[in-house]
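Let us walk through this structure step by step. Keep the sequence at hand as you read.

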Amino acid sequence: MDTSLSTIAVVGLGTMGTGIAEVLALAGREVIGIDISEAAALGAVASLEASTARAVGRGRITEQERAGALARFRTSDDLRTAADAELVIEVVPETYEIKQQVFRELDAIVSPTAILATGTNALSVTRLAAESQHPERVLGLHFFNPAPAMKLVEVVSSVLTAPPAVEAVTALARELGKEPVAVGDRPGFVADGLLFGYLNQAAAMYEANYASREDIDAAMKLGCGLPMGPLALLDLIGIDTARTVLEAMYAESHDRLHAPAPVLGQLSSAGLTGRKAGRGFYTYDAPGGQAVVPDALTPAADAVSGAGRDVASVGVAGSGTMASGIAEVFAKAGYDVVLAARSQEKADVAKGRIAKSLERSVTKGRLTAEARDETLARITAAGSLDAFAEVDLAVEAVAEDLEIKRQLFAALDKVCRPGAVLATTTSSLPVVAVARATARPEDVIGMHFFNPAPAMKLVEVVRTVLTADDVHATVRAVCARIRKHPVDCGDRAGFIVNALLFPYLNNAIKMVEEHYASLDDIDAAMKLGGGYPMGPFELLDVVGLDVSLAIEKVLHQEFRDPGLAPAPLLEHLVAAGCLGRKTGRGFREYARR
């Protein structure tokens, strides 16, 4: 089997094929681009010329390197021009019929030692290999879009693939400056296997009118640090393509989480396939355009109707990190804040934590010493909820335990003045159950801040069926004043972020349970292939495995979907006391401080 791989053919010169060809040509390979469409071939040449010109302009390559890359790339509409290729990468439309036809023809054209790679992200590599006369040389080589920028390459082996073929393309990927991850043959592989389940759930959430497309996308960008919201990403990928991937995943897993949301089929059938069509979940300035333009679903600037209540003072109940952070946020925004804990000592410690946080901001030049002193002066530490008697907004940030929260809200009901807004920061418990502990459930709402509260811009605003309109308007206005981005969602488990995030994390754990991929490969795949700031196992260890398990259990209980049942490995680690960074061991071990 040839392992030099100096001459490579790319079959299919769409966006992905053209990007792969560019990467190979710049890396010194002779590249034959093959497409039955003359327009696609001309477009690939033009794209390579434009892309390399930009690279020269930005100082990434020299003019000489550009000229060399262009000289090494030639196009053809005849598959027979691949005869001398040592590696052929097909990136043709995602159907078995087309791909199998390409492989059958290549069998009669290329050398028996040439390697044949499929760029599929949804179809079975084993099934494609089985149709070849030399199945041992067939494997998957899954680049990510845009290929020149994305570092991840999934190298997919079937049970028939010969190890030398895998070694050769893995070495090639490294020479191209990519990070190869070895995976087995199942639909979606690692990155898409996790990504598309999450995207599907986001589409179903939108279809159920649980939240607007803008709020779903903003929640995942601001709450998880993702580079793009799920619905915007579906438009970029292509809604028809996403549906094809999900169909393949569902055929393999029979997991309802992979069953394509009906809205994906409806949009695909209507030709509303995303950016390439000029319209999908959003509307774009032109087919293939990137700029979103207003349409009938775009919310008006004054979407929240009605006047809110005046808020000048805020009470924050709790003494932990979250309570301190929330109190700091309100005080920085000019509110008078009462920070109440179960004792004066705990309240003073919490205020001391705020003082240290503000001092760090001064040291880093983000805050003046005068602003620090003014902010701290607005905060009053109290050892009893009685200090909330005159606050306009009371925010609860105590332990995530329904009974504890109900008891606290019963106390707030007695202490707080009539007309005060009562807010819970719960991330997973039913807000209405907390509200019913009071005699004024219409005044109760959810304000789910994200940790660390001073840094994270998102607040999920959770209305119950009993929440008054002016309470909702009040909290939206308060969010604007404290410079947070509010997203509206209904009162159901997980709200937006956790309802989409934790099934994805749970599915990553299941991959490890099934010995499909390692922790390191899964984390690398999601960071390099999905642009995630942290891999799923890094994130689980930071959040805390006990916290993660509790949220998984709430989601499973609420939706009764077998696919949401917590992975047994997560339960076992929690039972063993391996809770993540806070205990020194979770999915990984950490040095004790």
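Is Arg483 buried or exposed? Arg483 is exposed, because its relative accessible area is 68% and exposed means over 50%. Keep in mind that this is a predicted model. Find Arg483 in the loop between α17 and β18. Its backbone deserves a look too. Arg483 is not a glycine, yet its phi is positive, at about 60°.

Look for Arg560 in the loop between α21 (545-559) and α22. Arg560 counts as exposed because its relative accessibility is 62%.

Next, turn to the peptide bonds. Pro146 sits in the loop between β6 (138-143) and β7 (152-157). Asn451 and Pro452 are joined by a cis peptide bond as well, with omega about 0°. Pro452 belongs to the loop between β16 (444-449) and β17.

The loop between β17 (458-463) and α17 (469-481) holds Thr464. Is Thr464 buried or exposed? Thr464 is buried, because its relative accessible area is 8% and buried means under 20%. Which backbone atom does its side chain reach? The side chain of Thr464 reaches the backbone nitrogen of Leu466, at 3.0 Å.

Now for charges. Side chains of opposite charge can pair when their charged atoms come close. How many salt bridges does a search of the whole structure find? The search finds 29. We will visit some of them.

Arg66 and Glu63 meet through their side chains in a salt bridge, with 3.5 Å from N to O. Both residues lie in helix α3 (residues 63-71). They are 3 residues apart, which is about one turn of the helix. Their surroundings can be compared through accessibility. Arg66 counts as buried, because its relative accessibility is 17%. Glu63 is partly exposed, with a relative accessible area of 46%.

Other salt bridges join separate elements. Asp488 forms one with Arg476, and the closest N and O atoms are 3.2 Å apart. Asp488 lies in strand β18 (residues 485-490) and Arg476 in helix α17, so this pair ties together parts that are 12 residues apart in sequence. Asp488 counts as partly exposed, at 23% relative accessibility. Arg476 counts as partly exposed too, at 21%.

A further pair spans 65 residues of sequence. Asp523 and Arg588 meet in a salt bridge, with 2.9 Å from N to O. Why does this pair tie together parts that are 65 residues apart in sequence? Asp523 lies in helix α19 (residues 519-530), and Arg588 in the segment after α22 (568-575), so the pair links those two parts. Asp523 is buried, with a relative accessible area of 3%. Arg588, by contrast, is partly exposed, at 22%. Salt bridges can also share partners: Glu90, Glu94 and Lys99 are joined into one network in that way.

Which residues form a positive surface patch? Arg353, Lys356, Arg360, Lys364 and Arg366 form one. Take Arg366 from this patch. Arg366 is placed in the loop between α13 (344-363) and α14 (369-377). Arg366 counts as exposed, because its relative accessibility is 64%.

Finish within α13. Ser357 has its place in this helix. Ser357 is buried, because its relative accessible area is 14%. How far is Ser357 from Ser324 in space? Their C-alpha atoms are 9.5 Å apart, while the two residues are 33 residues apart in sequence.

Technical notes: Residues numbered from 1 in each chain as written. Predicted model: local features only at pLDDT ≥ 70, side-chain atom pairs only at ≥ 80, totals over all residues. Heavy atoms only, no water. Patch = residues over 30% accessible without salt bridge, like charges linked within 9 Å, V, L, I, M, F, W, Y side chains within 5 Å. Areas by Shrake-Rupley, 256 points an atom, 1.4 Å probe, with all protein chains shown as cover. Salt bridge = Lys/Arg side-chain N within 4 Å of Asp/Glu carboxyl O. Lys, Arg positive; Asp, Glu negative; His and termini not counted. Charge placed at Lys NZ, Arg CZ, Asp CG, Glu CD. Helix = DSSP H or I, 4+ residues; strand = E, 2+ residues; numbered from the N terminus. Buried < 20%, exposed > 50% of the residue type's maximum accessible area, 1.4 Å probe, protein only. Polar contact = N/O pair within 3.5 Å; in protein donor to acceptor, adjacent residues only side chain to side chain.
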